[in-house]
There are 2 protein chains.
Amino acid sequence: MTELNWPPGTRPQRPAKVPLSRPEIVRTALTIVRAEGIDAVSMRRVAAEFDTGPSSLYAHVRNKDELLALMFDEVCGEVEVPELDASRWKEQVKDLARAGHAAMLRYNDLARAALATIPTGPNALRISNAMFGMMLAGGIPPRISAWAMDRIFLYLTADAYEYSIWGPNSRPQSIEALGANVLAYFKQLPADVYPHVVKHADALVGGSNDERFNLGLELLVDGLDKYATPPP
Amino acid sequence: MTELNWPPGTRPQRPAKVPLSRPEIVRTALTIVRAEGIDAVSMRRVAAEFDTGPSSLYAHVRNKDELLALMFDEVCGEVEVPELDASRWKEQVKDLARAGHAAMLRYNDLARAALATIPTGPNALRISNAMFGMMLAGGIPPRISAWAMDRIFLYLTADAYEYSIWGPNSRPQSIEALGANVLAYFKQLPADVYPHVVKHADALVGGSNDERFNLGLELLVDGLDKYATPPP
DNA sequence: GGCGAATGACGAACACTGTTCGCTGAACGA
DNA sequence: TCGTTCAGCGAACAGTGTTCGTCATTCGCC
(Lines give C-alpha, C1' and ligand atoms only; values in the text may rest on other atoms or scores of the structure.)
Protein backbone atom coordinates (compact mmCIF):
# COMPACT_ATOMS: atom_id res chain seq x y z
CA MET A 1 0.00 0.00 0.00
CA THR A 2 1.70 3.15 -1.22
CA GLU A 3 0.83 6.57 0.15
CA LEU A 4 -1.51 8.72 -1.90
CA ASN A 5 0.34 11.99 -1.91
CA TRP A 6 -2.83 13.90 -1.45
CA PRO A 7 -3.61 16.72 -1.81
CA PRO A 8 -1.21 17.16 -4.69
CA GLY A 9 1.83 19.26 -4.09
CA THR A 10 1.76 18.90 -0.36
CA ARG A 11 3.93 15.82 -0.08
CA PRO A 12 6.74 16.73 2.24
CA GLN A 13 10.16 15.97 0.89
CA ARG A 14 10.94 14.28 4.14
CA PRO A 15 8.22 12.22 5.80
CA ALA A 16 7.54 13.08 9.40
CA LYS A 17 9.65 10.89 11.68
CA VAL A 18 10.50 10.42 15.27
CA PRO A 19 13.36 12.83 15.71
CA LEU A 20 16.66 11.30 16.67
CA SER A 21 18.03 11.86 20.12
CA ARG A 22 20.97 10.58 22.09
CA PRO A 23 18.98 8.44 24.52
CA GLU A 24 16.93 6.95 21.68
CA ILE A 25 20.08 6.09 19.77
CA VAL A 26 21.67 4.45 22.79
CA ARG A 27 18.49 2.54 23.54
CA THR A 28 18.27 1.29 19.97
CA ALA A 29 21.91 0.27 19.91
CA LEU A 30 21.36 -1.69 23.11
CA THR A 31 18.49 -3.64 21.62
CA ILE A 32 20.72 -4.51 18.69
CA VAL A 33 23.62 -5.68 20.84
CA ARG A 34 21.19 -7.72 22.88
CA ALA A 35 19.74 -9.44 19.86
CA GLU A 36 22.69 -9.70 17.52
CA GLY A 37 25.86 -8.93 19.41
CA ILE A 38 28.33 -6.08 19.46
CA ASP A 39 29.60 -6.76 15.95
CA ALA A 40 26.16 -6.04 14.58
CA VAL A 41 26.22 -2.58 16.11
CA SER A 42 27.45 -0.50 13.22
CA MET A 43 26.56 3.09 12.58
CA ARG A 44 24.66 1.99 9.49
CA ARG A 45 22.76 -0.68 11.37
CA VAL A 46 21.70 1.72 14.12
CA ALA A 47 20.79 4.42 11.63
CA ALA A 48 18.76 1.94 9.60
CA GLU A 49 16.58 1.39 12.66
CA PHE A 50 15.57 5.05 12.24
CA ASP A 51 15.17 4.71 8.47
CA THR A 52 18.10 6.95 7.78
CA GLY A 53 21.80 6.90 6.95
CA PRO A 54 24.80 6.74 9.25
CA SER A 55 25.71 10.40 8.98
CA SER A 56 22.53 11.38 10.77
CA LEU A 57 23.87 9.92 13.99
CA TYR A 58 26.92 12.11 14.12
CA ALA A 59 24.89 15.10 15.18
CA HIS A 60 24.13 13.36 18.46
CA VAL A 61 27.19 11.23 19.04
CA ARG A 62 30.81 12.20 18.47
CA ASN A 63 31.81 8.81 17.05
CA LYS A 64 31.29 5.12 17.55
CA ASP A 65 33.55 4.93 20.59
CA GLU A 66 31.42 7.50 22.34
CA LEU A 67 28.31 5.54 21.46
CA LEU A 68 29.82 2.39 22.94
CA ALA A 69 30.80 4.26 26.09
CA LEU A 70 27.27 5.60 26.41
CA MET A 71 25.87 2.11 25.98
CA PHE A 72 28.16 0.75 28.67
CA ASP A 73 27.21 3.41 31.17
CA GLU A 74 23.54 2.91 30.42
CA VAL A 75 23.89 -0.76 31.33
CA CYS A 76 25.74 0.21 34.51
CA GLY A 77 22.59 2.11 35.40
CA GLU A 78 20.75 -1.18 35.68
CA VAL A 79 22.91 -2.36 38.54
CA GLU A 80 21.34 -1.84 41.92
CA VAL A 81 23.59 -0.58 44.69
CA PRO A 82 22.76 -1.76 48.21
CA GLU A 83 22.97 0.22 51.40
CA LEU A 84 26.27 -0.25 53.18
CA ASP A 85 26.41 -2.92 55.87
CA ALA A 86 29.97 -2.88 57.16
CA SER A 87 29.62 -6.21 58.93
CA ARG A 88 28.94 -7.95 55.62
CA TRP A 89 31.34 -5.95 53.49
CA LYS A 90 32.94 -8.91 51.73
CA GLU A 91 29.60 -10.42 50.82
CA GLN A 92 28.43 -7.04 49.59
CA VAL A 93 31.48 -6.61 47.37
CA LYS A 94 30.93 -10.03 45.85
CA ASP A 95 27.23 -9.44 45.33
CA LEU A 96 27.90 -6.12 43.65
CA ALA A 97 30.46 -7.72 41.36
CA ARG A 98 28.02 -10.49 40.53
CA ALA A 99 25.32 -7.93 39.75
CA GLY A 100 27.65 -6.10 37.38
CA HIS A 101 28.65 -9.38 35.81
CA ALA A 102 25.03 -10.32 35.28
CA ALA A 103 24.25 -6.93 33.77
CA MET A 104 27.07 -7.34 31.25
CA LEU A 105 25.93 -10.82 30.33
CA ARG A 106 22.41 -9.54 29.82
CA TYR A 107 23.72 -7.54 26.90
CA ASN A 108 25.50 -10.23 25.01
CA ASP A 109 29.13 -9.39 24.30
CA LEU A 110 28.89 -5.72 25.20
CA ALA A 111 31.67 -6.42 27.69
CA ARG A 112 34.10 -6.30 24.81
CA ALA A 113 33.40 -2.62 24.41
CA ALA A 114 33.71 -2.11 28.14
CA LEU A 115 37.21 -3.59 28.14
CA ALA A 116 38.43 -0.77 25.93
CA THR A 117 36.80 1.97 27.96
CA ILE A 118 37.93 3.66 31.16
CA PRO A 119 34.69 3.79 33.13
CA THR A 120 34.09 7.43 33.97
CA GLY A 121 30.37 7.68 33.31
CA PRO A 122 27.98 8.62 36.11
CA ASN A 123 26.48 5.16 36.50
CA ALA A 124 29.83 3.41 36.49
CA LEU A 125 31.08 5.87 39.09
CA ARG A 126 28.08 5.15 41.25
CA ILE A 127 29.04 1.48 41.33
CA SER A 128 32.72 2.24 41.88
CA ASN A 129 31.95 4.59 44.70
CA ALA A 130 29.75 2.02 46.39
CA MET A 131 32.30 -0.78 46.21
CA PHE A 132 35.00 1.60 47.36
CA GLY A 133 32.90 2.43 50.41
CA MET A 134 32.43 -1.25 51.21
CA MET A 135 36.14 -1.94 51.21
CA LEU A 136 36.94 1.13 53.26
CA ALA A 137 34.30 0.05 55.75
CA GLY A 138 36.08 -3.29 55.91
CA GLY A 139 39.22 -1.57 57.07
CA ILE A 140 41.12 -1.93 53.80
CA PRO A 141 43.49 1.02 53.20
CA PRO A 142 42.40 3.40 50.42
CA ARG A 143 45.31 2.53 48.15
CA ILE A 144 44.67 -1.20 48.33
CA SER A 145 40.92 -0.67 48.05
CA ALA A 146 41.33 1.37 44.90
CA TRP A 147 43.59 -1.15 43.23
CA ALA A 148 41.57 -4.16 44.32
CA MET A 149 38.44 -2.54 42.93
CA ASP A 150 40.21 -1.96 39.66
CA ARG A 151 41.27 -5.60 39.58
CA ILE A 152 37.80 -6.87 40.35
CA PHE A 153 36.18 -4.82 37.60
CA LEU A 154 38.85 -5.91 35.15
CA TYR A 155 38.24 -9.52 36.08
CA LEU A 156 34.49 -9.11 35.89
CA THR A 157 34.57 -7.55 32.47
CA ALA A 158 37.07 -9.98 31.05
CA ASP A 159 35.06 -12.95 32.27
CA ALA A 160 31.85 -11.54 30.84
CA TYR A 161 33.57 -11.05 27.53
CA GLU A 162 35.10 -14.49 27.44
CA TYR A 163 31.81 -16.04 28.37
CA SER A 164 29.98 -14.15 25.67
CA ILE A 165 32.22 -15.74 23.05
CA TRP A 166 31.28 -19.28 23.95
CA GLY A 167 28.06 -18.18 25.54
CA PRO A 168 24.37 -18.31 24.69
CA ASN A 169 24.92 -16.74 21.30
CA SER A 170 25.94 -20.07 19.93
CA ARG A 171 23.36 -22.70 20.65
CA PRO A 172 23.73 -24.38 24.05
CA GLN A 173 24.30 -27.72 22.43
CA SER A 174 27.14 -26.30 20.40
CA ILE A 175 28.84 -25.14 23.60
CA GLU A 176 28.70 -28.64 24.89
CA ALA A 177 29.87 -29.91 21.53
CA LEU A 178 32.74 -27.47 21.63
CA GLY A 179 33.57 -28.52 25.16
CA ALA A 180 33.44 -32.15 24.10
CA ASN A 181 35.72 -31.36 21.18
CA VAL A 182 38.27 -29.69 23.41
CA LEU A 183 38.01 -32.55 25.86
CA ALA A 184 38.68 -35.08 23.12
CA TYR A 185 41.54 -32.93 21.87
CA PHE A 186 43.14 -32.77 25.30
CA LYS A 187 42.79 -36.50 25.86
CA GLN A 188 44.45 -37.28 22.57
CA LEU A 189 47.52 -35.15 23.30
CA PRO A 190 50.87 -36.89 23.92
CA ALA A 191 50.85 -37.76 27.60
CA ASP A 192 54.60 -37.56 27.92
CA VAL A 193 54.66 -33.90 26.84
CA TYR A 194 51.54 -32.63 28.59
CA PRO A 195 50.98 -35.14 31.39
CA HIS A 196 48.79 -33.02 33.65
CA VAL A 197 46.64 -31.67 30.82
CA VAL A 198 45.94 -35.18 29.55
CA LYS A 199 45.36 -36.70 32.98
CA HIS A 200 42.97 -34.03 34.22
CA ALA A 201 41.39 -33.05 30.92
CA ASP A 202 37.89 -33.27 32.35
CA ALA A 203 38.75 -30.89 35.18
CA LEU A 204 40.07 -28.45 32.60
CA VAL A 205 36.90 -28.31 30.54
CA GLY A 206 34.49 -28.97 33.40
CA GLY A 207 32.51 -26.59 35.53
CA SER A 208 29.96 -23.94 34.72
CA ASN A 209 30.92 -20.39 34.00
CA ASP A 210 29.35 -19.30 37.28
CA GLU A 211 31.45 -21.71 39.28
CA ARG A 212 34.61 -20.51 37.62
CA PHE A 213 33.68 -16.86 37.96
CA ASN A 214 32.89 -17.27 41.62
CA LEU A 215 36.18 -18.98 42.34
CA GLY A 216 38.16 -16.06 40.95
CA LEU A 217 35.93 -13.56 42.68
CA GLU A 218 36.30 -15.35 45.99
CA LEU A 219 40.08 -15.42 45.70
CA LEU A 220 40.23 -11.74 44.85
CA VAL A 221 37.93 -10.61 47.64
CA ASP A 222 38.76 -12.98 50.49
CA GLY A 223 42.45 -12.35 50.03
CA LEU A 224 41.92 -8.75 51.04
CA ASP A 225 41.54 -9.81 54.65
CA LYS A 226 45.25 -9.70 55.21
CA TYR A 227 45.30 -5.99 54.41
CA ALA A 228 42.51 -5.11 56.81
CA THR A 229 43.50 -2.86 59.65
CA PRO A 230 41.89 -3.69 63.01
CA PRO A 231 38.45 -2.06 63.11
CA PRO A 232 38.30 1.19 65.11
CA MET B 1 67.95 1.66 -11.34
CA THR B 2 65.63 -0.48 -13.42
CA GLU B 3 66.42 -4.05 -14.35
CA LEU B 4 67.85 -4.69 -17.78
CA ASN B 5 65.66 -7.50 -18.96
CA TRP B 6 68.60 -9.24 -20.48
CA PRO B 7 68.95 -11.44 -22.42
CA PRO B 8 65.86 -10.37 -24.36
CA GLY B 9 62.83 -12.60 -24.08
CA THR B 10 63.84 -14.17 -20.81
CA ARG B 11 62.10 -11.75 -18.49
CA PRO B 12 59.99 -13.83 -16.17
CA GLN B 13 56.38 -12.76 -15.91
CA ARG B 14 56.73 -12.84 -12.19
CA PRO B 15 59.99 -11.73 -10.61
CA ALA B 16 61.60 -14.30 -8.36
CA LYS B 17 60.49 -13.81 -4.77
CA VAL B 18 60.88 -15.35 -1.40
CA PRO B 19 58.11 -17.92 -1.37
CA LEU B 20 55.46 -17.45 1.26
CA SER B 21 55.25 -19.85 4.15
CA ARG B 22 53.23 -20.10 7.32
CA PRO B 23 56.10 -19.33 9.69
CA GLU B 24 57.24 -16.39 7.58
CA ILE B 25 53.73 -14.96 7.53
CA VAL B 26 53.38 -15.30 11.28
CA ARG B 27 56.81 -13.75 11.85
CA THR B 28 55.96 -10.83 9.61
CA ALA B 29 52.61 -10.29 11.29
CA LEU B 30 54.37 -10.24 14.65
CA THR B 31 56.77 -7.53 13.54
CA ILE B 32 53.79 -5.48 12.43
CA VAL B 33 51.90 -5.91 15.68
CA ARG B 34 55.03 -4.99 17.56
CA ALA B 35 55.58 -1.82 15.60
CA GLU B 36 52.06 -0.66 14.85
CA GLY B 37 49.62 -2.60 16.98
CA ILE B 38 47.03 -5.27 16.32
CA ASP B 39 44.75 -2.99 14.33
CA ALA B 40 47.50 -2.56 11.75
CA VAL B 41 47.59 -6.31 11.18
CA SER B 42 45.28 -6.68 8.22
CA MET B 43 45.57 -9.32 5.56
CA ARG B 44 46.42 -6.61 3.06
CA ARG B 45 49.08 -5.13 5.29
CA VAL B 46 50.77 -8.48 5.89
CA ALA B 47 50.56 -9.39 2.21
CA ALA B 48 52.03 -6.04 1.25
CA GLU B 49 55.12 -6.96 3.24
CA PHE B 50 55.60 -9.74 0.68
CA ASP B 51 54.77 -7.45 -2.25
CA THR B 52 51.58 -9.29 -3.01
CA GLY B 53 47.84 -9.18 -2.44
CA PRO B 54 45.78 -10.54 0.43
CA SER B 55 44.51 -13.60 -1.39
CA SER B 56 48.02 -15.03 -1.49
CA LEU B 57 47.93 -15.59 2.24
CA TYR B 58 44.89 -17.83 2.18
CA ALA B 59 46.89 -20.73 0.82
CA HIS B 60 48.84 -20.85 4.08
CA VAL B 61 46.34 -19.63 6.62
CA ARG B 62 42.67 -20.51 6.84
CA ASN B 63 41.57 -17.00 7.80
CA LYS B 64 42.56 -14.06 9.94
CA ASP B 65 41.45 -15.68 13.17
CA GLU B 66 43.77 -18.57 12.53
CA LEU B 67 46.60 -16.16 11.83
CA LEU B 68 45.96 -14.40 15.13
CA ALA B 69 45.89 -17.72 16.96
CA LEU B 70 49.20 -18.70 15.36
CA MET B 71 50.71 -15.39 16.38
CA PHE B 72 49.55 -15.87 19.94
CA ASP B 73 50.99 -19.34 20.22
CA GLU B 74 54.26 -18.16 18.70
CA VAL B 75 54.57 -15.58 21.45
CA CYS B 76 53.77 -18.24 24.03
CA GLY B 77 56.85 -20.03 22.72
CA GLU B 78 58.99 -17.22 24.07
CA VAL B 79 57.98 -17.94 27.64
CA GLU B 80 60.51 -20.03 29.51
CA VAL B 81 59.16 -22.75 31.74
CA PRO B 82 61.19 -23.53 34.87
CA GLU B 83 61.83 -26.90 36.38
CA LEU B 84 59.35 -27.75 39.09
CA ASP B 85 60.32 -26.92 42.66
CA ALA B 86 57.41 -27.99 44.81
CA SER B 87 58.62 -26.08 47.85
CA ARG B 88 58.34 -22.79 45.96
CA TRP B 89 55.21 -23.58 43.98
CA LYS B 90 53.42 -20.33 44.66
CA GLU B 91 56.40 -18.25 43.65
CA GLN B 92 56.78 -20.35 40.55
CA VAL B 93 53.17 -19.83 39.56
CA LYS B 94 53.52 -16.08 39.99
CA ASP B 95 56.78 -15.95 38.09
CA LEU B 96 55.29 -17.93 35.22
CA ALA B 97 52.30 -15.63 35.10
CA ARG B 98 54.59 -12.60 35.12
CA ALA B 99 56.63 -14.09 32.29
CA GLY B 100 53.50 -14.62 30.22
CA HIS B 101 52.35 -11.13 31.03
CA ALA B 102 55.69 -9.69 29.93
CA ALA B 103 55.61 -11.69 26.70
CA MET B 104 52.18 -10.29 25.86
CA LEU B 105 53.28 -6.75 26.59
CA ARG B 106 56.31 -7.21 24.37
CA TYR B 107 53.92 -7.52 21.45
CA ASN B 108 51.91 -4.40 21.95
CA ASP B 109 48.18 -5.09 22.11
CA LEU B 110 48.34 -8.64 20.82
CA ALA B 111 46.60 -9.62 24.05
CA ARG B 112 43.37 -8.44 22.52
CA ALA B 113 43.54 -11.26 20.03
CA ALA B 114 44.43 -13.68 22.82
CA LEU B 115 41.26 -12.77 24.70
CA ALA B 116 39.13 -14.11 21.90
CA THR B 117 41.05 -17.36 21.53
CA ILE B 118 40.86 -20.56 23.51
CA PRO B 119 44.55 -21.41 23.94
CA THR B 120 45.03 -24.86 22.50
CA GLY B 121 48.31 -24.37 20.65
CA PRO B 122 51.39 -26.41 21.58
CA ASN B 123 53.25 -23.57 23.24
CA ALA B 124 50.26 -22.40 25.22
CA LEU B 125 49.68 -25.97 26.35
CA ARG B 126 53.28 -26.22 27.47
CA ILE B 127 52.74 -23.25 29.77
CA SER B 128 49.38 -24.52 30.99
CA ASN B 129 50.79 -27.94 31.71
CA ALA B 130 53.67 -26.43 33.69
CA MET B 131 51.46 -24.23 35.83
CA PHE B 132 49.06 -27.10 36.35
CA GLY B 133 51.95 -29.18 37.64
CA MET B 134 53.00 -26.47 40.06
CA MET B 135 49.57 -26.24 41.62
CA LEU B 136 49.18 -29.99 41.87
CA ALA B 137 52.58 -30.14 43.54
CA GLY B 138 51.28 -27.57 46.00
CA GLY B 139 48.53 -29.93 47.01
CA ILE B 140 45.70 -28.10 45.25
CA PRO B 141 43.00 -30.49 44.00
CA PRO B 142 42.91 -30.92 40.19
CA ARG B 143 39.53 -29.28 39.81
CA ILE B 144 40.54 -26.16 41.71
CA SER B 145 43.91 -26.09 39.99
CA ALA B 146 42.33 -26.19 36.57
CA TRP B 147 39.90 -23.40 37.33
CA ALA B 148 42.45 -21.25 39.11
CA MET B 149 44.79 -21.58 36.15
CA ASP B 150 42.01 -20.52 33.85
CA ARG B 151 41.33 -17.50 36.05
CA ILE B 152 44.99 -16.50 36.21
CA PHE B 153 45.41 -16.63 32.44
CA LEU B 154 42.22 -14.67 31.96
CA TYR B 155 43.43 -12.06 34.40
CA LEU B 156 46.86 -11.95 32.82
CA THR B 157 45.54 -11.46 29.33
CA ALA B 158 42.95 -8.89 30.30
CA ASP B 159 45.53 -6.85 32.18
CA ALA B 160 47.95 -6.97 29.28
CA TYR B 161 45.21 -5.81 26.97
CA GLU B 162 44.07 -3.00 29.21
CA TYR B 163 47.62 -1.87 29.70
CA SER B 164 48.29 -1.86 25.98
CA ILE B 165 45.49 0.64 25.48
CA TRP B 166 47.01 3.26 27.77
CA GLY B 167 50.44 1.80 27.39
CA PRO B 168 53.62 2.71 25.56
CA ASN B 169 51.84 3.16 22.28
CA SER B 170 50.78 6.60 23.31
CA ARG B 171 53.73 8.68 24.44
CA PRO B 172 54.62 8.22 28.12
CA GLN B 173 53.92 11.85 28.81
CA SER B 174 50.45 11.47 27.39
CA ILE B 175 49.76 8.63 29.82
CA GLU B 176 50.63 10.92 32.65
CA ALA B 177 48.61 13.65 31.03
CA LEU B 178 45.67 11.27 30.76
CA GLY B 179 46.12 10.21 34.36
CA ALA B 180 46.24 13.85 35.37
CA ASN B 181 43.08 14.51 33.39
CA VAL B 182 41.25 11.66 35.07
CA LEU B 183 42.55 12.81 38.43
CA ALA B 184 41.27 16.33 37.82
CA TYR B 185 37.97 14.90 36.62
CA PHE B 186 37.56 12.79 39.75
CA LYS B 187 38.41 15.68 42.05
CA GLN B 188 35.87 17.93 40.41
CA LEU B 189 33.00 15.44 40.84
CA PRO B 190 30.21 16.26 43.31
CA ALA B 191 31.52 15.06 46.67
CA ASP B 192 28.07 14.36 48.03
CA VAL B 193 27.31 11.85 45.25
CA TYR B 194 30.68 10.13 44.95
CA PRO B 195 32.35 10.84 48.30
CA HIS B 196 34.94 8.05 48.26
CA VAL B 197 35.93 8.62 44.65
CA VAL B 198 36.51 12.31 45.26
CA LYS B 199 38.31 11.85 48.57
CA HIS B 200 40.71 9.16 47.37
CA ALA B 201 41.05 10.23 43.78
CA ASP B 202 44.83 9.99 43.88
CA ALA B 203 44.70 6.40 45.13
CA LEU B 204 42.39 5.57 42.24
CA VAL B 205 44.69 6.86 39.52
CA GLY B 206 47.97 6.15 41.36
CA GLY B 207 50.30 3.21 41.13
CA SER B 208 52.17 1.63 38.27
CA ASN B 209 50.68 -1.09 36.14
CA ASP B 210 53.12 -3.59 37.63
CA GLU B 211 52.03 -2.80 41.16
CA ARG B 212 48.40 -3.25 40.24
CA PHE B 213 49.04 -6.42 38.27
CA ASN B 214 51.00 -7.94 41.12
CA LEU B 215 48.30 -7.18 43.65
CA GLY B 216 45.72 -9.09 41.65
CA LEU B 217 48.13 -11.91 40.98
CA GLU B 218 49.01 -12.18 44.64
CA LEU B 219 45.37 -12.32 45.67
CA LEU B 220 44.59 -15.00 43.10
CA VAL B 221 47.56 -17.22 43.97
CA ASP B 222 47.93 -16.79 47.71
CA GLY B 223 44.25 -17.42 48.21
CA LEU B 224 44.71 -20.95 46.94
CA ASP B 225 46.33 -21.93 50.22
CA LYS B 226 43.01 -22.66 51.78
CA TYR B 227 42.35 -25.37 49.21
CA ALA B 228 45.69 -27.11 49.75
CA THR B 229 45.46 -30.60 51.11
CA PRO B 230 48.16 -31.48 53.64
CA PRO B 231 51.27 -32.58 51.75
CA PRO B 232 51.73 -36.36 51.57
C1' DG C 1 62.03 -37.66 -21.06
C1' DG C 2 57.51 -36.00 -21.33
C1' DC C 3 52.93 -35.26 -19.75
C1' DG C 4 48.86 -34.57 -16.59
C1' DA C 5 47.48 -33.17 -12.08
C1' DA C 6 48.01 -30.38 -8.22
C1' DT C 7 49.13 -26.31 -6.07
C1' DG C 8 50.82 -21.61 -4.86
C1' DA C 9 50.39 -16.91 -6.41
C1' DC C 10 47.42 -13.25 -7.41
C1' DG C 11 44.17 -9.55 -9.73
C1' DA C 12 39.58 -8.36 -9.36
C1' DA C 13 35.53 -8.10 -7.12
C1' DC C 14 31.86 -8.21 -3.23
C1' DA C 15 29.79 -6.66 0.72
C1' DC C 16 30.90 -4.53 4.46
C1' DT C 17 33.02 -0.80 7.93
C1' DG C 18 33.64 4.37 10.25
C1' DT C 19 33.77 8.88 8.97
C1' DT C 20 33.49 13.41 6.26
C1' DC C 21 31.64 16.70 3.02
C1' DG C 22 28.10 19.47 1.30
C1' DC C 23 23.45 20.24 0.43
C1' DT C 24 18.46 20.73 1.91
C1' DG C 25 14.87 22.32 4.56
C1' DA C 26 12.80 23.70 8.75
C1' DA C 27 12.79 26.31 13.04
C1' DC C 28 13.98 30.32 15.73
C1' DG C 29 15.51 35.08 17.02
C1' DA C 30 15.85 39.87 15.61
C1' DT D 1 10.39 39.08 7.06
C1' DC D 2 14.93 38.05 6.73
C1' DG D 3 19.28 35.44 8.41
C1' DT D 4 21.23 32.33 10.86
C1' DT D 5 21.63 27.97 12.78
C1' DC D 6 21.46 23.23 12.70
C1' DA D 7 19.51 18.42 12.31
C1' DG D 8 18.84 15.27 8.60
C1' DC D 9 20.87 12.90 5.00
C1' DG D 10 22.84 11.21 0.22
C1' DA D 11 27.16 10.36 -1.66
C1' DA D 12 31.68 9.42 -1.40
C1' DC D 13 36.39 7.84 0.51
C1' DA D 14 39.56 4.73 2.19
C1' DG D 15 39.68 0.92 4.51
C1' DT D 16 38.32 -4.23 5.96
C1' DG D 17 37.97 -9.91 5.35
C1' DT D 18 37.07 -13.12 2.08
C1' DT D 19 36.04 -15.60 -2.48
C1' DC D 20 36.47 -16.67 -7.31
C1' DG D 21 38.73 -17.75 -11.40
C1' DT D 22 42.98 -17.78 -13.84
C1' DC D 23 47.84 -18.25 -14.47
C1' DA D 24 52.42 -20.40 -14.14
C1' DT D 25 55.10 -23.49 -11.96
C1' DT D 26 56.34 -27.85 -10.10
C1' DC D 27 55.90 -32.62 -8.79
C1' DG D 28 54.81 -37.52 -9.45
C1' DC D 29 54.20 -41.04 -12.59
C1' DC D 30 54.33 -43.69 -16.78
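Setting aside neighbours within four places in sequence, D73(A) is in contact with G121(A), P122(A), N123(A) and A124(A) in this predicted model. D73(A) itself sits in helix α3 of chain A, which covers residues 64-76. One of these contacts can be described in more detail: the D73(A) side chain reaches the backbone nitrogen of A124(A) at 3.0 Å. Although D73(A) is buried, it has no salt bridge. The nearest side chain of opposite charge belongs to R126(A), and it is 7.9 Å away.

Elsewhere, charged pairs do meet, and the count over all chains comes to 38 salt bridges. In chain B, D39(B) and R112(B) form such a pair, with their closest N and O atoms 2.5 Å apart. This pair links distant parts of the chain, 73 residues apart: D39(B) is in the loop between α1 (22-36) and α2 (43-48), while R112(B) is in helix α5 (residues 111-115). D39(B) is exposed, at 60% relative accessible area, and R112(B) is partly exposed, at 30%.

A second pair in chain B joins K90(B) to D225(B), at 2.4 Å from N to O.

The salt bridge of D150(B) with R151(B) brings N and O atoms to 2.6 Å at their closest, and here both residues are buried. Finally, salt bridges that share partners join R88(A), E91(A), K94(A), D95(A), R98(A), E218(A), D222(A) and K226(B) into one network.

Note on methods
Residues are numbered from 1 along each chain as its sequence is written. Chains are lettered from A and ligands numbered from 1 in the order in which they are written. This is a predicted model: local features need pLDDT of at least 70, side-chain atom pairs count only at pLDDT 80 or more; totals for chains, interfaces and linings use all residues. Side-chain values use heavy atoms; hydrogens and water are left out. Helices (H or I, at least four residues) and strands (E, at least two) are DSSP runs, numbered from the N terminus. Buried means under 20% relative accessible area, exposed over 50%, partly exposed in between (1.4 Å probe, protein chains only). Lys and Arg count as positive and Asp and Glu as negative; His and the chain ends are not counted. A salt bridge is a side-chain nitrogen of Lys or Arg within 4 Å of a carboxyl oxygen of Asp or Glu. A polar contact is a pair of N or O atoms within 3.5 Å; within protein, one must be able to donate a hydrogen and the other to accept it, and residues adjacent in sequence count only if both atoms are side-chain atoms. Contact means heavy atoms within 4.5 Å.
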